Amino acid sequence: MDDYHYKQVQLGQTNHHQVTSQELNIIWEKLVLDYVKENKTLFVGLLIMIFITFPVESILLPRTYSNLFDKIRKKTSLPSLTLRHPIQSVKNRDPVGMIIIIAGIWIALLLGLGIKSTLHSYLSPQYLKFLRQRIFGETIHSYQNNYQDIKVGKNITRLMDYSREQSRLLDYILGNFLPVLVGAFCITLYFYRVDFHIGIVVT
């Protein structure tokens, strides 16, 4: 696709014609994939944190609490909570050991959530900057031989609106959609592991 056609697609100046799959592919490549490629390390890190923190938060931590309560309930008397032999307590999975395990899980979870939040808070605002620079640069390049034909006010308004909404979409995907999707997937797998029929019902 030539620069003029690309410019029309980006700024919505295609006279309301139906956008073709080729045009969508170009928009996807230039405005999404290019940004992902430029920040692939950060995206991979964010995905890893999502795949670690949400299963831990939604499955591992509740299950560990449940194990602790079961051990306390089975005791005929209140267990002694001493830290004389913490390593042995963890190995034996006694109430003290379970508390230590829960504390360790919480520390690791908070660390993971902090890393995830840091990566998310960088990628989302930077995407807005990337979009505006990319679209503005392509517009200037397309009109480099005829600057008088640029409708500055109209194009800037469209640029601001489109980039803002696109950035919000990425923010929603990274902050809400992906975590919920990963959490639901892991919970479903867990129920399949516990009982196949329960897994089918949950699915």
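Select Asn-39 first: leaving out residues up to four places away in sequence, Asn-39 touches Tyr-122 and Leu-123, where contact means heavy atoms within 4.5 Å. This is a predicted model, in which local features need pLDDT of at least 70 and side-chain atom pairs count only at pLDDT 80 or more, while totals for chains, interfaces and linings use all residues. Residues are numbered from 1 along each chain as its sequence is written, and side-chain values use heavy atoms, with hydrogens and water left out.

Stay on Asn-39. The loop between helix 2 (21-38) and helix 3 (40-74) holds Asn-39; helices are DSSP runs of H or I with at least four residues, and strands are runs of E with at least two, numbered from the N terminus. Asn-39 counts as buried because its relative accessibility is 11% (buried is under 20% relative accessible area, exposed over 50%, partly exposed in between, with a 1.4 Å probe and protein chains only).

Next, select Phe-177 in helix 6 (residues 152-194). Phe-177 has a relative accessible area of 43%, so it is partly exposed.

Finally, show the whole protein chain. Seven helices and zero strands are present. Buried residues account for 33% of the 203 residues. Of the contacts between residues at least 6 apart in sequence, 72% join residues at least 24 apart.
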